[in-house]
Structure formats: C-alpha cells, structure tokens
Amino acid sequence: DSNHTVNTMKTLRTATSLVDETHLTVSDLVPILEATVEVRDWYILGLALGISGFVLERIQYEDYNRIDCKRKMLLKWLYTGLASWSSLVKALIRSPLVNEMVIAEQISKDHPNSSSVYSTDHIVNTMTTLRTATSLVDDTPLTVSD
C-alpha cells in the first residue's frame, strides 16, 4: 500500500540522516576501502552508488583485479562530490543486490552524526527494520542522488 511505502521511505531517510552526511573526498579512500573490504561484488556496489554501467564496464576492461576495480570505482564515486557515509549506508541497505547489512551497521557505528541524539543501537535497530521492510517494497537500487 502507498502509505506503507511512504512511511518506510520516511523512516529510511530518518535512519540514514543519523549517519554522517559530511561529503567524502579522495583523502577518505582508505577508510572507505577498509569499511567495504567484505563487499565482494564491487560492480554491484558501484551500481548501487549510482555509477553508470558504462563507467563500471570501462573500469573492468582496464583492470581485472577485483581490489583495483573497487578502488577505481570508489574514486569515481568520490569525484562526484556527492559521496558521504550516509549515501554509502543507503546503498548497502537498500540494494537487494548488495545486501550488505552487517557492513552498513558497522559504518553507522563508526561514522555516526555527531549531533545525533540517537544511540548507535537505535540506528542499527532502525536500519535492520528498514532493510526488512524495504525488501518487501522496492527492489530498485539507490542512486547517488537519492
């Protein structure tokens, strides 16, 4: 039902707004790589982050090493100027292809919004509830503009 979808999306926005919105730069690449080390499919993560399939295909064509491909994909994302821990968490939570809830939970613990009055446990519990709810509502991966 549309009210359920709207309420789920509002809750998703609230939960992800509790994660640091500071825009990330190239100097943040190492911590991002460390946070996403368990993500096995860099290509799918790239799609969830809003990187075009064409760009991802070019990265894959230029370099077959999975780690180098992920690094190059994350650099492309960082260069958009829209990269934040929050957008990374959104991609990890919402993408049915990535489905990396544990990684999203860890990022939310490591990079909480410093002005938030919510506890890390509240964020994690909300994100867990959201992942369950959104998997029933929407199979569309988030883009960087979401």
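Visitor: What makes L47 partly exposed?

Guide: In this predicted model, L47 has a relative accessible area of 32%. Buried requires a value under 20%, and exposed requires one over 50%. The value of 32% lies in between, so L47 is called partly exposed. L47 is found in helix α3, which covers residues 42-48.

Visitor: How far is L47 from A91 in sequence and in space?

Guide: L47 and A91 are 44 residues apart in sequence, and their C-alpha atoms are 8.9 Å apart in space.

Visitor: Why is I44 counted as buried?

Guide: I44 is also placed in helix α3. Its relative accessibility is 17%, and the term buried applies under 20%; therefore I44 counts as buried. The C-alpha atoms of I44 and A91 are separated by 9.9 Å, while the two residues are 47 residues apart along the chain.

Visitor: Why is the pair of W42 and Y43 called edge-to-face?

Guide: The structure holds 1 aromatic pair. The ring centres of W42 and Y43 are 5.6 Å apart, and rings pair if their centres lie within 6.5 Å. The ring planes stand at 70°, and an angle over 60 degrees counts as edge-to-face. The pair is therefore edge-to-face. Both W42 and Y43 are buried.

Visitor: What makes α6 mostly covered?

Guide: In α6, 10 of its 10 residues are buried. Among them are W85, L88, K90, L92 and R94.

Visitor: Which residues of the largest nonpolar core touch the most other members?

Guide: This core has 30 residues, and those touching the most other members are I32, L49, M73, W77, L78, L88 and L92. The helices α2 (29-35), α3, α4 (53-62), α5 (66-79), α6 (85-94) and α7 (101-110) each supply at least two residues of the core. In soluble globular proteins, nonpolar side chains tend to be buried together.

Visitor: With which residues is L78 in contact, leaving aside its neighbours within four places in sequence?

Guide: On that basis, L78 is in contact with L24, T25, V26, L29, I32 and A83.

Visitor: How is the arrangement of α4 and α5 described?

Guide: Two packed helices are described by the angle between their axes and the distance between the axes. Here, the axes of α4 and α5 come within 9 Å and cross at roughly 145°. The contact is made by V55, L56, I59 and Q60 of α4, together with C69, K72, M73 and K76 of α5. The crossing of α4 past α5 is right-handed.

Visitor: Is K72 to be called buried or partly exposed, and why?

Guide: K72 lies in helix α5 and has a relative accessible area of 22%. Buried means under 20%, so at 22% K72 is partly exposed. Not counting residues up to four places away in sequence, K72 touches I59 and D63. K72 and L56 are 16 residues apart in sequence and 9.1 Å apart in space, C-alpha to C-alpha.

Visitor: How many helices and strands does the protein have?

Guide: The secondary structure comes to 8 helices and 0 strands. Read along the sequence, the pattern is α-α-α-α-α-α-α-α.

Visitor: What can be said of the protein's contacts and surface?

Guide: Among contacts with a separation of 6 or more, 74% are between residues 24 or more positions apart. Buried residues make up 42% of the 146 residues. The accessible surface comes to about 7900 Å², and 53% of that belongs to carbon and sulfur atoms.

Conventions: Residues numbered from 1 in each chain as written. Predicted model: local features only at pLDDT ≥ 70, side-chain atom pairs only at ≥ 80, totals over all residues. Heavy atoms only, no water. Phe/Tyr/Trp six-rings, centres within 6.5 Å; stacked < 30°, edge-to-face > 60°. Buried < 20%, exposed > 50% of the residue type's maximum accessible area, 1.4 Å probe, protein only. Helix = DSSP H or I, 4+ residues; strand = E, 2+ residues; numbered from the N terminus. Core = buried A, V, L, I, M, F, W, Y, C linked by side-chain atoms within 4.5 Å. Contact = heavy atoms within 4.5 Å. Areas by Shrake-Rupley, 256 points an atom, 1.4 Å probe, with all protein chains shown as cover. Axes fitted to C-alpha atoms, helices over the stretch in contact; angles between N-to-C directions. Left-handed = near helix turned anticlockwise from the far one by under 90°.
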